[in-house]
Amino acid sequence: MNKDIALVIVILQPSTEELDQIKRLSTAYAGVVVDNSSEPIINGDIGFLHYIHNGNKDGIAGAQALAVNYLLEKNTADYVVFVDQDSSIDLDYPASICREYQSIARKFPLAILGPTVLHKDDGEEYKSVVHKDKLLDQGFIPRRDVISSGSCIKLSLFNGTLKIDKALFIDYVDFDLCWQAERQGLVCGITNRVKIKHKVGQRELSLGRYKVIISNPKRYFFQYRNYLWLAKRRYVPFQWKVASGIKLILRFFYFPLLLKDGPRIWINMAKGIFAGLNCKMKIR
């Protein structure tokens with residue numbers, strides 16, 4: 001077992017295949033599995049992984065915070081690797097991303113390192129149509145924000161530098177960590193030397209040569225509410241505020257027209273806007 005690395009895996013009604021992957025990882029790594037399913041699906045720990053049934057009361061953010069606090073109390077690992085239940089990784093992946101983290105951290109003030117993310121269905125790399133990547137030494141590509149799945153973070157950074165914001169529940173939780181790190185003079189990014197297969201959202205909408213990721217209708221409440229909350233924070237990049245604001249405004253009008261479940265999505269968008277404008281959140 002690699003004692004330097006701890007895994008944090010949040011599950012919600014996982015499939016048999018997803019559970020099998022977790023069981024394989026549990027033979028080589030310690031860490032925490034937090035179960036957000038309404039009823040426990042496992043009795044006891046999984047291999048070296050500690051099992052906690054949390055229910056879906058705090059979302060992904062609350063589950064990750066619970067797991068990180070557990071690991072900080074145990075104080076037995078140096079690095080934490082976050083794994084989504086639906087990401088496809090092999091047994092060597094956690095050790096590989098941590099080796100890259102250590103290598104890159106010797107040259108850059110690194111906070112969060114993510115892998116190159118490939119579309120689970122077709123193997124194509126997820127790339128921004130706006131931002132162009134800049135490849136630096138050690139295969140490091142700086143990114144303003146890095147998705148949680150497959151990311152590696154030095155555990156000690158959660159002792160004051162980084163804090164998982166449970167109020168965000170699910171959307172932009174990982175981005176917020178990156179922006180917190182940037183505020184402290186640290187950098188985040190991905191490596192082209194390690195890859196995972198993952199699917200962002202449920203499906204995609206093709207608009208010419210562009211593809212728009214479509215999420216579960218419930219997610220749009222959190223996307224709109226959390227955007228309005230985060231837009232008030234000084235450390236959140238202005239460019240993200242503008243770009244995401246334009247994107248969310250446009251989707252508010254064309255999603256109901258182009259998507260079969262558009263009216264349901266629109267209602268959740270509207271509820272999110274109302275909550276974002278009427279609920280107070282601390283400005284940091």
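Let me start with Tyr-29, which counts as buried at 4% relative accessibility, where buried means under 20% relative accessible area, exposed means over 50%, and partly exposed lies in between, with a 1.4 Å probe and protein chains only. What we have here is a predicted model, so local features need pLDDT of at least 70 and side-chain atom pairs count only at pLDDT 80 or more, while totals for chains, interfaces and linings use all residues. Residues are numbered from 1 along each chain as its sequence is written, and side-chain values use heavy atoms, with hydrogens and water left out.

Tyr-29 is found in strand E2, residues 29–35; strands (E, at least two residues) and helices (H or I, at least four) are DSSP runs, numbered from the N terminus. From Tyr-29 to Ala-111 there are 82 residues in sequence and 22 Å in space, taken C-alpha to C-alpha.

The largest cavity has a volume of about 60 Å³, that is, the space filled by probe spheres set on the points. Which residues line the largest cavity? Among them are Gln-64, Phe-82, Ile-112, Asp-174, Leu-177 and Cys-178, and the largest share of the lining, 3 residues, comes from helix H4, residues 173–183.

Next, the backbone. As a general point, most residues other than glycine have a negative phi. Gln-13, although not a glycine, has a positive phi of about 45°, and its place is in the loop between strand E1 (2–11) and helix H1 (16–25). Phe-169, also not a glycine, has a positive phi of about 70° and sits in the loop between strand E7 (152–154) and H4. Is each of these buried or exposed? Gln-13 is exposed, with a relative accessible area of 52%, whereas Phe-169 is buried, at 19%.

Finally, the surface, where Leu-207, Tyr-210, Leu-257 and Leu-258 form a nonpolar patch with about 410 Å² of accessible area together. Such a patch is made of residues with over 30% relative accessible area and no salt bridge, nonpolar side chains being joined within 5 Å; a salt bridge is a side-chain nitrogen of Lys or Arg within 4 Å of a carboxyl oxygen of Asp or Glu. Leu-207, found in strand E9 (residues 203–207), is partly exposed, with a relative accessible area of 33%.

Technical notes:
Patch = residues over 30% accessible without salt bridge, like charges linked within 9 Å, V, L, I, M, F, W, Y side chains within 5 Å. Areas by Shrake-Rupley, 256 points an atom, 1.4 Å probe, with all protein chains shown as cover. 1 Å grid on protein atoms, 1.4 Å probe; cavity = no way out; pocket = protein on both sides within 12 Å on 5 of 7 lines; lining within 4 Å.
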